Amino acid sequence: MALRTLTNWNNPLFLKKSRAVDKFDERLWVLLDDMKDTLVKVNGYGCAAVHVGVLRRAVIILDDSSVIELINPVITKTSTETQIVKEGSIAPDSPQGEVIRPKSVTVSALDRNGEPVTVSGEGFLAATLCHEIDHLDGVIFTDKIKAGENK
């Protein structure tokens, strides 16, 4: 396990769509472990693989004392009720801004061994799931900042 260099917020890599993971092997496990170590080091909450320069559909979220690992995640359900969340990023030079997100979401994904998992979240966890999965599709939260907010 090692710390990885974070991709700068202004890097065009953030605007690219990540490729699906199709091999569940040591290389993936090292990536996930490194993403977790890097996220802990910067005191962050969520990390998509693009944050460490890898265009693969992998996400790590630290939720309380647990680690959520999601491979090839897809949001399968969102609430109609929304919330306004102040978002930023672990990427260096990231701005902050308020974004409207669903109040709750359900995500289907695979774990590090390729086994199906389902994660449901409310509040900040729901927003984080949406934020990190957006990264996998080349969407950044500043594209969704409320009108009139600074980017």
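This is a predicted model: local features need pLDDT of at least 70, side-chain atom pairs count only at pLDDT 80 or more; totals for chains, interfaces and linings use all residues.

Q: Good to know. Let's start with α1: how many residues does it have, and how far does it reach?
A: Helix α1 runs over residues 26–41, so to speak a stretch of 16 residues. From first C-alpha to last it reaches 22 Å, close to the 22 Å expected at 1.5 Å a residue.

Q: Which residues of α1 are buried?
A: Leu28, Leu31, Leu32, Asp34, Met35, Thr38 and Leu39. They sit on the same side of α1, because they cover an arc of only 165° around the axis.

Q: And what does the face turned away from the buried side carry?
A: That face of α1 has the exposed residues Glu26 and Lys41.

Q: What do the buried ones pack against?
A: Strands: β1 (46–48), β2 (58–63) and β3 (66–78).

Q: Can you zoom in on Thr38? What does it touch?
A: Leaving out residues up to four places away in sequence, Thr38 touches Ala2, Leu3, Arg4, Leu6 and Val52. Thr38 is in helix α1, and its relative accessible area is 3%, so it counts as buried.

Q: What comes just after α1?
A: Asn43 is there, and it takes a positive phi of about 60°.

Q: OK, new topic: the nonpolar cores. How many residues does the largest one have?
A: The largest nonpolar core has 25 residues, and Leu70 and Leu129 are the ones with the most contacts inside it. Two or more residues each come from β2, β3, β6 (104–110) and α2 (123–136).

Q: Which element gives the largest share?
A: That's α2, with six residues.

Q: You mentioned Leu70. What does it touch?
A: Not counting residues up to four places away in sequence, Leu70 is in contact with Arg57, Ala58, Val59, Val107, Ala109, Leu110, Val117, Val119 and Leu129.

Q: Give me an example. Which residue does Asp33 meet?
A: Asp33 meets Arg112 in a salt bridge, at 2.7 Å from N to O. The pair links distant parts of the chain, with Asp33 in helix α1 and Arg112 in the loop between β6 and β7 (116–122), 79 residues apart. Asp33 counts as partly exposed, at 23% relative accessibility.

Q: Which other residue does Arg112 form a salt bridge with?
A: Glu69, with the closest N and O atoms 2.8 Å apart. This pair also links distant parts of the chain: Glu69 is in strand β3, 43 residues apart from Arg112. At 19% relative accessibility, Glu69 counts as buried.

Q: What about Lys103, which partner does it have?
A: Lys103 forms a salt bridge with Glu81, where the closest N and O atoms are 3.7 Å apart. Lys103 lies in the loop between β5 (97–102) and β6, and Glu81 in the loop between β3 and β4 (82–87), so the pair ties together parts 22 residues apart in sequence. Both count as partly exposed: Lys103 at 37% relative accessibility, Glu81 at 48%.

Q: Which residues are linked in a network of salt bridges?
A: Glu87, Arg101, Asp134 and Lys144.

Q: Last one: where does Asp143 lie?
A: In the segment after α2. Asp143 is exposed, with a relative accessible area of 53%. Asp143 and Val99 are 44 residues apart in sequence and 9.2 Å apart in space, C-alpha to C-alpha.

Note on methods: Residues are numbered from 1 along each chain as its sequence is written. Side-chain values use heavy atoms; hydrogens and water are left out. Helices (H or I, at least four residues) and strands (E, at least two) are DSSP runs, numbered from the N terminus. The expected span of a helix is 1.5 Å times one less than its number of residues. Buried means under 20% relative accessible area, exposed over 50%, partly exposed in between (1.4 Å probe, protein chains only). The arc is that of the directions from the helix axis to the C-beta atoms. Contact means heavy atoms within 4.5 Å. A nonpolar core is a set of buried Ala, Val, Leu, Ile, Met, Phe, Trp, Tyr and Cys residues joined through side-chain atoms within 4.5 Å. A salt bridge is a side-chain nitrogen of Lys or Arg within 4 Å of a carboxyl oxygen of Asp or Glu.
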